[in-house]
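Visitor: Hi, can you walk me through this one? I'd like to start with the charged side chains.

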Amino acid sequence: MPFSVLVDTKYEEEAPPPAPDLYAALADLGHELHFTEYIRTRMPLPDQAQALRLPEGVPLLHIIRVALTAAEKPLALEEFHLPGDDLELSFRL
């Protein structure tokens, strides 16, 4: 999160909460949020395969979620690495 977003807030002195509570805190600070997600699959690095207990040949689902203001200014970024062999994504359009 950019430090400039936290100036003159209680989060100058204390750490902001983790997501998803972070989004409520940002809304309480007056930010109108929207999100962009970047989703891709790739083969995991050896340490990622080990940490996620992925069998050989199983892809990794890599998701980056960016919280943006109405003016497209990024406020927060979350990154997820998930096993790609047993997931289904669903999007409401």
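Visitor: What does Glu78 form a salt bridge with?

Guide: Glu78 pairs with Arg65. Their closest N and O atoms are 3.3 Å apart. Keep in mind that this is a predicted model.

Visitor: Where do those two sit?

Guide: Glu78 is in strand 3, residues 74-83. Arg65 is in strand 2.

Visitor: Is Glu78 buried or exposed?

Guide: Glu78 counts as buried. The cut-off for buried is under 20% relative accessible area, and Glu78 has 17% relative accessibility.

Visitor: And how does Arg65 count?

Guide: Arg65 counts as partly exposed, at 23% relative accessibility.

Visitor: How many salt bridges does the structure hold?

Guide: There are 2. Arg65 also forms a salt bridge with Glu37. There the closest N and O atoms are 2.5 Å apart.

Visitor: Which parts does that pair tie together?

Guide: Arg65 lies in strand 2, residues 60-68, and Glu37 lies in strand 1, residues 34-42, so parts 28 residues apart in sequence are tied together. Glu37 counts as partly exposed, at 32% relative accessibility.

Visitor: Which residues end up in one network?

Guide: Glu37, Arg65 and Glu78 do. Their salt bridges share partners, and that joins them.

Visitor: New topic. Which residues form the nonpolar patch on the surface?

Guide: Ile39, Leu89, Phe91 and Leu93. Together they have about 480 Å² of accessible area.

Visitor: Where is Leu93 found?

Guide: Leu93 is in the segment after strand 3. Leu93 counts as exposed, with 98% relative accessibility.

Visitor: Let's zoom out. What pattern does the chain follow?

Guide: Along the sequence, the pattern is α-α-β-α-β-β. That comes to 3 helices and 3 strands.

Visitor: How much of the chain is buried?

Guide: Of the 93 residues, 27% are buried.

Visitor: And what about the accessible surface?

Guide: The chain's accessible surface comes to about 6800 Å². Carbon and sulfur atoms account for 53% of that.

Visitor: Last one. What share of contacts joins residues at least 24 apart?

Guide: The share is 48%. That figure is taken among contacts between residues at least 6 apart in sequence.

Technical notes
Residues numbered from 1 in each chain as written. Predicted model: local features only at pLDDT ≥ 70, side-chain atom pairs only at ≥ 80, totals over all residues. Heavy atoms only, no water. Helix = DSSP H or I, 4+ residues; strand = E, 2+ residues; numbered from the N terminus. Buried < 20%, exposed > 50% of the residue type's maximum accessible area, 1.4 Å probe, protein only. Contact = heavy atoms within 4.5 Å. Areas by Shrake-Rupley, 256 points an atom, 1.4 Å probe, with all protein chains shown as cover. Salt bridge = Lys/Arg side-chain N within 4 Å of Asp/Glu carboxyl O. Patch = residues over 30% accessible without salt bridge, like charges linked within 9 Å, V, L, I, M, F, W, Y side chains within 5 Å.
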